[in-house]
Every structure is written in C-alpha cells, then in structure tokens.
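I opened this notebook to keep track of what I looked up, one entry at a time. The structure comes first, and my entries follow it.

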Amino acid sequence: MGIMKIGDVVEDFALPDETGTVRTLTGLLEQGPVVLFFYPAALTPGCTAEACRFRDLVAELAEAGAHPVGISADEVPRQKEFADKHGLGYPLLSDPAGHVRERFGVKRGIAFAPTRRQTFVIGTDRRVLEIVKSEIRMNVHADRALAALRRA
C-alpha cells in the first residue's frame with residue numbers, strides 16, 4: 001500500500017477493541033471525527049506517555065467534536081491491561097495481523113517496534129485532515145491533532 005496523505009479517503013475497517021468488541025471506522029465516525037493514533041507497543045514508556053496525553057485531552061478533543069482511538073499490534077488482553085492500568089477511557093484497537101497498519105503505511109518489519117508512531121485525524125467524511133509523525137515527541141500527537149481540529 002502507498003503512504004496515506006492529507007485529503008485521502010480512508011476505507012472502512014473492522015478491528016476488536018480492548019474488550020473484544022469489533023469496531024468499524026464507520027461506527028467510530030458516527031460520534032464525530034476520529035483521532036486515530038498508531039503506537040508501537042502497549043505498556044511501554046513512550047506509548048504510555050502518548051496515550052495518557054490523549055486521555056488528558058479527551059475533553060478538549062470532545063469540544064472540537066472528536067475522540068481519540070489508539071491502535072497497535074498488541075493483542076486484545078494486552079490492550080485491556082493498558083487501558084485499565086491508565087484509565088484511558090477510549091477504544092484501543094488490536095491489529096496483530098497488521099492489515100490496517102499496512103493500509104496506513106505505518107507497519108514496519110521490526111519485531112520490537114512493528115508500528116510507526118503516527119496519528120491521523122479523520123473527518124466524518126472519512127477524509128484525512130491531518131497527519132502527525134513523530135517517533136520521539138509523544139505529546140505532539142495529541143496537541144497537533146487538537147490544533148488541526150480547531151482549525152477545521
């Protein structure tokens with residue numbers, strides 16, 4: 001698959017969340033724009049910092065009409081442990097086969113970091129409004145996504 005760009009339309013997908021419930025992009029977008037953030041591994045320091053920053057900005061994102069959704073290669077039980085440990089309160093999708101990660105161009109062939117840390121702001125028309133790429137600055141993902149939603 002090619003690299004996703006701003007303005008691209010995202011095809012629908014279905015993945016289980018941390019409770020094992022299958023969620024579709026279409027269903028998630030019914031609640032407003034989705035801030036879909038891909039992260040390398042649940043319960044690791046960097047991903048915890050990033051996920052907690054999204055948790056801390058949930059109210060501001062909601063004011064902009066949007067909500068965060070995390071996604072990684074982690075299996076459902078590990079996503080649940082991650083969500084529960086940090087009280088995340090938003091869906092964490094499990095993509096162990098990498099189909100969705102591949103579609104977004106964030107899948108890597110590195111065992112310890114199978115996913116690039118990237119965030120996609122997706123409008124209700126399934127168009128990509130913003131893309132945030134930073135492997136090392138965890139807070140910029142939520143901050144830039146929020147800024148893009150406020151501009152939209």
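Predicted model: local features only at pLDDT ≥ 70, side-chain atom pairs only at ≥ 80, totals over all residues.

**Entry 1: a hairpin and how I read the model**

I began with strand β6 (residues 118-122) and strand β7 (residues 128-133), which pair in the antiparallel sense over five bridges; two strands pair if DSSP finds at least two bridges between them. Helices (H or I, at least four residues) and strands (E, at least two) are DSSP runs, numbered from the N terminus. Residues are numbered from 1 along each chain as its sequence is written, and side-chain values use heavy atoms, with hydrogens and water left out.

Within this pair I found Gln118 opposite Lys133 in β7. The hairpin of β6 and β7 has five residues between the strands, and there Arg126 takes a positive phi near 70 degrees, although Arg126 is a residue other than glycine. Arg126 counts as partly exposed at 28% relative accessibility, where buried means under 20% relative accessible area, exposed over 50%, and partly exposed in between (1.4 Å probe, protein chains only).

I then looked up Leu43, which also has a positive phi of about 70 degrees although it is not a glycine. Leu43 sits in the loop between β3 and α2, and with a relative accessible area of 21% it is partly exposed.

**Entry 2: the sheet**

In which order do the five strands of the open sheet lie? I read the order as β5-β4-β3-β6-β7, with mixed pairing. The edge strands are β5 (92-94) and β7, each of which pairs on one side only. Neighbouring strands of this sheet are turned by 20 degrees against each other on average, direction ignored; for such angles, axes are lines fitted to C-alpha atoms, for helices over the stretch in contact, and angles run from 0 to 180 degrees between N-to-C directions.

I followed the pairs along the sheet. Strand β4 (residues 67-72) and β5 run parallel and are joined by three bridges; here Ile71 stands opposite Leu93, and the bridge partner of Ser72 is Ser94. β3 and β4 pair in the parallel sense over five bridges, with Val34 opposite His67 in β4. β3 and β6 pair in the antiparallel sense, again over five bridges, and Val35 has Val121 in β6 as its bridge partner.

I next asked why β4 is largely enclosed by the rest of the structure. Six of the six residues of β4 are buried, so this strand is largely enclosed. In a regular strand the side chains alternate between the two faces of the sheet. Both faces of β4 are covered, with His67, Val69 and Ile71 buried on one side and Pro68, Gly70 and Ser72 buried on the other.

For β3 I found five of the five residues buried, so β3 too is largely enclosed by the rest of the structure. On one side of β3 the buried residues are Val34, Leu36 and Phe38, and on the other Val35 and Phe37.

**Entry 3: the helices**

Helix α4 (residues 76-86) lies across β4 and β5 and runs at about 165 degrees to β5. α6 lies across β3 (34-38), β6 and β7, running at about 155 degrees to β7. I checked the length of α6: at 1.5 Å a residue its 13 residues should span 18 Å, and its end C-alpha atoms are 19 Å apart, which agrees; the expected span of a helix is 1.5 Å times one less than its number of residues.

Which residues of α6 are buried? They are Val140, His141, Ala142, Ala145, Leu146, Ala148 and Leu149, and they pack against β3, α2, α3 (58-63), β6 and β7.

Last, I looked at helix α2 (residues 45-56) and helix α6 (residues 139-151), which pack at an angle of about 30 degrees with their axes 7 Å apart. α2 and α6 are therefore roughly parallel to each other, since angles under 35 degrees count as roughly parallel, over 145 as roughly antiparallel, 65 to 115 as roughly perpendicular and the rest as oblique. Ala49, Glu50, Arg53 and Phe54 in α2 meet Asn139, His141, Ala142 and Asp143 in α6, where contact means heavy atoms within 4.5 Å.
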